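These are my notebook entries from a first pass through the structure shown below. I wrote down what I looked up, in the order in which I looked.

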Amino acid sequence: MARRGKKKGRPISGWLVLDKPVGMGSTEAVSKIKWLFQAEKAGHAGTLDPLASGMLPIALGEATKTVPYVQDGAKIYRFTVAWGQERSTDDLEGPVTKSSDLRPAEAEVLALLPKYTGVIMQTPPQFSAIKISGERAYDLARDGATVDIPAREVEIGRLDIVEHDADHTVFEVECGKGTYVRSLARDMGRDLNCFGHISELRRVEVEPFTPQDFVTIAELEAARFGVPGEDDPGATDAADTVEAAGAVAAPIDFDAIDALLVDTSAALDCLPQVAISDDAATKIRLGNPVIIRGRDAPVEAEEACATARGKLVAIGAIEQGMFKPKRVFAG
């Protein structure tokens, strides 16, 4: 009978709210964070393009079970639209496809904003991760194909002008899941008859996290190694290298870097919270329902979060006064 391979890494759990730099892809960022924490498991809650900077929430360990709740959270972006050119990628990466000598006045841009506020229909960019007949749109676009991507409903909570000059407008937008800021730039440029593309994009917030939760790569490296940039993982795991050489690695103190994590439960602030006893927590972790006691306990809830001594135990449904676990977390 084949032996199961031993998991590599530490069973560390929590959210790292990375301030992703320009030029780093989301997958690359996850690999970097996983390496720095020597974590068993890691994943992100919403892709951020390499040309964009800002908030990329990265889940480690048990926190990966809460990724969907962060993906569904509202997001705030600050972005600059350069007027006069439309590009194939709707940002600086692609070649110019249309151009105009016209430039909009601030009053013209301001008058357009109500059209892009509320629930609107939006067509994603040609270079996007949308699947068309099983293939990613960006793969088809790179092969030179023009794909027909259906428009879809997205929600824009607010869209404000921050700054305006002759050639650029800086906006701040609060939007829901699935919104493409690049599409906003493209569509506003067409409406203003001058074309436009994103020249700068920064994600400021992803609910429930705030800018106060930001951690930079430099701060992580300083916490992990004592000196920023001392080690560069590249594609090699230093721990694996030592193991392969037959050497015994000195123990590493992870306390400083672990202190930069946000607790896993923070992602579930949107759910009703139910405090339970240690005995009830044990039963729930075994997959058993328990009776919810207490005057303030909800009688019904499609989803709720159970905690014991402030620690996350499970996500589940509350039906007729009983908590029924759907997803449990290690104690």
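I began with the charged pairs, and a search of the whole structure gave me 17 salt bridges, a salt bridge being a side-chain nitrogen of Lys or Arg within 4 Å of a carboxyl oxygen of Asp or Glu. I note at once that this is a predicted model, in which local features need pLDDT of at least 70 and side-chain atom pairs count only at pLDDT 80 or more, while totals for chains, interfaces and linings use all residues. Residues are numbered from 1 along each chain as its sequence is written, and side-chain values use heavy atoms, with hydrogens and water left out.

**Entry: salt bridges**

I looked up arginine 202 and found it bridged to aspartate 19, with the closest N and O atoms 3.0 Å apart. The two come from distant parts of the chain, 183 residues apart, with arginine 202 in strand S12 (residues 196-206) and aspartate 19 in strand S1 (residues 14-20); helices (H or I, at least four residues) and strands (E, at least two) are DSSP runs, numbered from the N terminus. For exposure I used relative accessible area, where buried means under 20%, exposed over 50%, and partly exposed in between (1.4 Å probe, protein chains only). Arginine 202 is partly exposed at 28%, whereas aspartate 19 counts as buried at 18%.

Next I took glutamate 172, which forms a salt bridge with arginine 78, again written down with its closest N and O atoms, 3.0 Å apart. Glutamate 172 lies in strand S11 (residues 168-175) and arginine 78 in strand S4 (residues 75-83), so this pair ties together parts that are 94 residues apart in sequence. Glutamate 172 is buried, at 15% relative accessible area, while arginine 78 is partly exposed, at 38%. I also noted that Arg78, Arg158, Asp160, Glu172 and Glu174 are linked in a network of salt bridges.

The next pair I checked was aspartate 90 with arginine 186, whose closest N and O atoms are 3.8 Å apart. Aspartate 90 sits in the loop between strand S5 (85-87) and strand S6 (96-99), and arginine 186 in helix H5 (residues 181-191), so parts 96 residues apart in sequence are tied together. Aspartate 90 counts as buried at 3% relative accessibility, and arginine 186 is buried at 7%.

**Entry: aromatic rings**

I found three aromatic pairs in the whole structure; rings of Phe, Tyr and Trp (its six-membered ring) pair if their centres lie within 6.5 Å, and planes under 30 degrees apart count as stacked, over 60 as edge-to-face and the rest as tilted. Tryptophan 15 and phenylalanine 209 have ring centres 5.6 Å apart and planes at 50°, so I recorded the pair as tilted. Tryptophan 15 belongs to strand S1 and phenylalanine 209 to the loop between S12 and helix H6 (217-225), so the pair ties together parts that are 194 residues apart in sequence. Both tryptophan 15 and phenylalanine 209 are buried.

Phenylalanine 79 and phenylalanine 171 have their ring centres 5.2 Å apart and their planes at 20°, so that pair is stacked. With phenylalanine 79 in strand S4 and phenylalanine 171 in strand S11, the pair ties together parts that are 92 residues apart in sequence.

**Entry: nonpolar cores**

I then asked which members of the largest nonpolar core touch the most other members. Of its 47 residues, they are Ile33, Phe79, Phe171 and Met188, where a nonpolar core is a set of buried Ala, Val, Leu, Ile, Met, Phe, Trp, Tyr and Cys residues joined through side-chain atoms within 4.5 Å. Helix H1 (residues 26-37) gives the most to this core, with six residues. Leaving aside neighbours within four places in sequence, isoleucine 33 is in contact (heavy atoms within 4.5 Å) with Leu16, Leu18, Ile58, Leu60, Ile217 and Leu220. Another core, of 15 residues, lies apart from the largest one and has Ile276, Ala301, Val313 and Ala314 among its members.

**Entry: backbone**

I noted a cis peptide bond joining glutamate 207 and proline 208, with omega about 15°, and placed proline 208 in the loop between S12 and H6. Arginine 309 has a positive phi of about 55° although it is not a glycine, and it is found in the loop between strand S15 (301-308) and strand S16 (311-319). Arginine 309 is exposed, with a relative accessible area of 73%.
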